[in-house]
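Here is a short briefing to read alongside the coordinates.

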Amino acid sequence: MKRHLITLADLSDQELRYLVKRGVEFAQGHVQTNQPLLGNVIGIYFRKTSTRTRTAFSAAALRLGAQIISYGPNDLQENTGESIDDTTRVLSRMLDGLVARTAGSPQEMKTFASQDRMAVINAMSADEHPTQALTDLTTMHQHFGEIKGLRVLYLGEGNNSAAALALSLSRFPHTTLHLLTPAGYGLSPSVLEQAQFYTGASQAKVIETHDPSQLPDEVDVIYTTRWQTTGTSKQDPTWRDKFRPFSVTEALLNRYPSAIFMHDLPAHRGDEVSAAVLDGPASIAFDQAENKLHSAMATLEWCLGKGQR
Ligand SMILES: NC(=O)NCCC[C@H](N)C(=O)O
C-alpha cells in the first residue's frame, strides 16, 4: 500500500513515532536495507532551491535501490501552463513516488496527492515542511534517547519548519515548545490551534510569545531558522530591526549551559545565529543535516509501502 506524506496532521501518533524511530535506526546504521525499493522509479521535483532535502531524498532513493528522475523548476509542462491536475494524472501512471517541493499554495500538493498510484511526499510547501520535522525529531531522539519531556525554545519566523515542529512535537508526552516569534511573523493561527489540540492527549505545551526579554527558565534545545523563508518577502523595510532581538547569540546560549543548538539550515551567520553558536560545541546542526538522509530513507520506505508499522 502506498502512503502520502503531505502534512504531519495526516499521520497517526503511532505512524509518527514509527517514522522517527525508523530514522534513528537508519542513523545508527542498524538497518540491512537489501534494496527494498529495487524496481521503483521516484520523481524528485524541486521548483525551489534545495541542498539538503533534494540530496537527501535522491540519495535515499538510490541507496534503497530505486531509480530517480529529477525535475527542476523549468522542466515540466506545468511551466508552460499544463494544469497540476493533468500533470498529476500523467506522472502517477509512470512513477511509484514523487518527492515535491512547491513552496506554492497548499492546494498544489493536495492535487498531487489526489490519487493513490504514486506516493507523494511534501518536501516543503509554503505552509509546512513535514520531512524537516521528522529529521528534527529523529535528531532529538538520537541525542537525548527519547523525546518525552523535552523543552524546545524556537526563535524566529513561524515558518514552514516551525509549523511542522509544532504539529509533531506537541504529540509527544510532556514536551514543551516555546515559540518566540517577532510580532506579525508568528505561526499561522490554524497550525497553533491544531498543535494546541494535540496537547490535550499528550499533556505537552505549545506556547507562542513575542517578547524576547521573557525567556523560559529551562530549555533543552534552542532551535532557529533563517529569516528569509523560501518564497516569501517582507514588505516592512524595518523587518530586520524586528528580527535582530531574536538572534541566537552566545549570551542566549549561556543562559542554558546544558542546551543543544539546532538549525534547519542554510544558516546566515550574524543574522539568526552567531558563528560562535553555530560552529560551537553545543551545535548539532550538521548532525541534524545528515539525519535528513536517514529520515528520508525511513520516509521513502514507509510511503512506498515497504516499512513496518
Ligand atoms: N532544511 C531545509 O529544507 N532548508 C531549506 C528551507 C529552510 C526554511 N524552512 C525556508 O523555508 O526557507
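The points below cover a helix, a histidine and the nonpolar cores. Please keep in mind that this is a predicted model.

**Helix H6**
- Among the buried residues of H6 are Asn 160, Ser 161, Leu 165 and Leu 169.
- The cover over these buried residues includes helices H1 (13-27), H5 (130-144) and H7 (189-202), along with strands S5 (151-155), S6 (176-180) and S8 (221-224).
- Where H6 starts, the backbone nitrogen of Ser 161 has a side-chain oxygen of Asn 159 within 3.0 Å.

**His 178**
- Strand S6, one of the elements covering H6, holds His 178.
- Is His 178 buried or exposed? His 178 has a relative accessible area of 10%, which is under the 20% cut-off, so this residue counts as buried.
- The side chain of His 178 makes a polar contact of 2.9 Å with the side chain of Thr 209.
- Beyond four places in sequence, the contacts of His 178 include Val 152, Tyr 154, Ile 207 and Pro 216.

**Nonpolar cores**
- The largest nonpolar core has 60 residues, and Val 99, Met 140 and Leu 300 touch the most other members.
- Domain 1 (8-129 + 292-303) and domain 2 (132-289) each supply at least three residues to this core.
- Another core, of 20 residues, lies apart from it and includes Val 219, Phe 261, Leu 265 and Val 273.
- Leaving out residues up to four places away in sequence, Met 140 touches Leu 165, Leu 169, Val 221 and Met 262, among others.

Notes: Residues are numbered from 1 along each chain as its sequence is written. This is a predicted model: local features need pLDDT of at least 70, side-chain atom pairs count only at pLDDT 80 or more; totals for chains, interfaces and linings use all residues. Side-chain values use heavy atoms; hydrogens and water are left out. Buried means under 20% relative accessible area, exposed over 50%, partly exposed in between (1.4 Å probe, protein chains only). Helices (H or I, at least four residues) and strands (E, at least two) are DSSP runs, numbered from the N terminus. Contact means heavy atoms within 4.5 Å. A polar contact is a pair of N or O atoms within 3.5 Å; within protein, one must be able to donate a hydrogen and the other to accept it, and residues adjacent in sequence count only if both atoms are side-chain atoms. A nonpolar core is a set of buried Ala, Val, Leu, Ile, Met, Phe, Trp, Tyr and Cys residues joined through side-chain atoms within 4.5 Å. Domain bounds come from an automatic or database domain assignment.
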